[in-house]
Amino acid sequence: MTQRLDLMDLQPSLLQQEAERINRERSQLVNPLQPIKNLVLKIKKTKPIIQSFQLQVNTDLSALAQVLFWFDQLRQPSIPNTIWLGCKTALAEGFDNAVCHAHQQLPPETPIDIEVTFFTQSLEIRIWDSGSAFDLEAHLQQLPEEIDETAESGRGVKIMQQIADYLSYTRTPDNRNCLLIIKSYSP
Amino acid sequence: MNFIVKIVHPSGILNGVSTNKLRREISDVIDKGADIVLVDFQDVTFMNSSGLGVLISTLRVVQAGGNQLFICSLNEQVKMIFELTKMNCVFKTFANREEFEQKVLIN
């Protein structure tokens, strides 16, 4: 490290050298901080998770009551009622689809996993099923603009699309499908 | 001419299964002579699209038989799903039984 300077050594050139050396040391210390600062900024920008909840049910239409009851217990006070009812409706449609479509050929013991995650201004609902791959985007594309009013089925997906701010149905690495519904709100 | 009005009063969650039960109840009531059926949703807590599908087919059968079906007392969630699917154009709904009586029976 440094040696103490004696008063005798206080010549301008020496001081200059010393100043430069200190500056170099300082740079060496400060420069590695920049990536850390960037990381901190990045972390601040990502949404903080408030809480995440999971439920597993069987492939059973009558489990809807249990699913809705469970969902209602999770309600955060900051969420406006209309938003909550919309999410509940979308969740019910997603669940129905898992039972009636994804798991159509599968036994009733086949589990359906549901996860609800709350963020400060949004909530995310995920439903995992063990059905075969299904291209939701393509399905949505080929749906008629207006569903025939008198049609007796096929509204579920359209309802989810109308309610959700973001909707996706993707294949997971463990060979399942994950339905993701995202809804934002202003508290 | 006198119309026979019967009220049907389902409760709880109306999904495909429970609405099928409701459909049978409505069909029974019409078989027994009702001309007008009012489905009172006062105690219905939730409805999904499967339930709606069954309700629509019930409406068509009722109308095909020359009878009428009305609904009343929908809660916010049921109103929401009706609006999203434009069912508010297909069904005649009333705020409550009193409104139904006022507007349908008295005329």
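N175(A) has a relative accessibility of 53%, so this residue counts as exposed. The model it belongs to is a predicted one. N175(A) sits in the loop between β4 and β5 of chain A, and R176(A) of that loop takes part in a salt bridge with D113(A).

**Residues with positive phi**

- Most residues other than glycine have a negative phi.
- N175(A) is not a glycine, yet its phi is positive, at about 60°.
- K86(B), also not a glycine, has a positive phi of about 60°.
- K86(B) is placed in the loop between α3 (76–84) and α4 (87–90) of chain B.
- The relative accessibility of K86(B) is 35%, so K86(B) counts as partly exposed.

**Build of chain B**

- Chain B contains five helices and six strands.
- Read from the N terminus, their order in chain B is β-β-α-β-β-α-β-α-α-β-α.
- Chain B has a radius of gyration of 13 Å, close to the 13 Å that the globule rule gives for 107 residues; chain B is therefore as compact as a globular protein of that length.
- The C-alpha trace of chain B spans about 35 × 25 × 20 Å along its principal axes.
- Of the 107 residues in chain B, 47% are buried.
- Among contacts in chain B with a separation of 6 or more, 76% are between residues 24 or more positions apart.
- Chain B carries 11 positive and 11 negative side chains, with the centres of the two sets 6 Å apart.

**Salt bridges in chain A**

- Over all chains, the whole structure has nine salt bridges.
- One of them joins D113(A) and R176(A), whose closest N and O atoms are 2.7 Å apart.
- D113(A) is in strand β2 (residues 112–119) and R176(A) in the loop between β4 (166–171) and β5 (177–184), so the pair ties together parts of chain A that are 63 residues apart in sequence.
- D113(A) and R176(A) are both buried.
- E124(A) and R126(A) form another salt bridge, with 2.9 Å between the closest N and O atoms.
- E124(A) has a relative accessible area of 5% and is buried.
- A network of salt bridges links E18(A), R21(A) and E25(A).

**A salt bridge in chain B**

- D40(B) and R97(B) form a salt bridge in which the closest N and O atoms are 2.5 Å apart.
- This pair links distant parts of chain B, 57 residues apart: D40(B) belongs to strand β3 (residues 36–40) and R97(B) to helix α5 (residues 97–105).
- With a relative accessible area of 3%, D40(B) is buried, whereas R97(B), at 27%, is partly exposed.

- The relative accessibility of F94(B) is 5%, so F94(B) counts as buried.
- Apart from neighbours within four places in sequence, F94(B) is in contact with F70(B), I71(B), C72(B), S73(B), E99(B), F100(B), K103(B) and V104(B).
- V104(B) is 10 residues from F94(B) in sequence, and their C-alpha atoms are 9.9 Å apart in space.

Key:
Residues are numbered from 1 along each chain as its sequence is written. Chains are lettered from A and ligands numbered from 1 in the order in which they are written. This is a predicted model: local features need pLDDT of at least 70, side-chain atom pairs count only at pLDDT 80 or more; totals for chains, interfaces and linings use all residues. Side-chain values use heavy atoms; hydrogens and water are left out. Helices (H or I, at least four residues) and strands (E, at least two) are DSSP runs, numbered from the N terminus. The radius of gyration is taken over C-alpha atoms; the globule rule is 2.2 Å times the number of residues to the power 0.38. Buried means under 20% relative accessible area, exposed over 50%, partly exposed in between (1.4 Å probe, protein chains only). Contact means heavy atoms within 4.5 Å. Lys and Arg count as positive and Asp and Glu as negative; His and the chain ends are not counted. The place of a charge is taken as NZ of Lys, CZ of Arg, CG of Asp or CD of Glu. A salt bridge is a side-chain nitrogen of Lys or Arg within 4 Å of a carboxyl oxygen of Asp or Glu.
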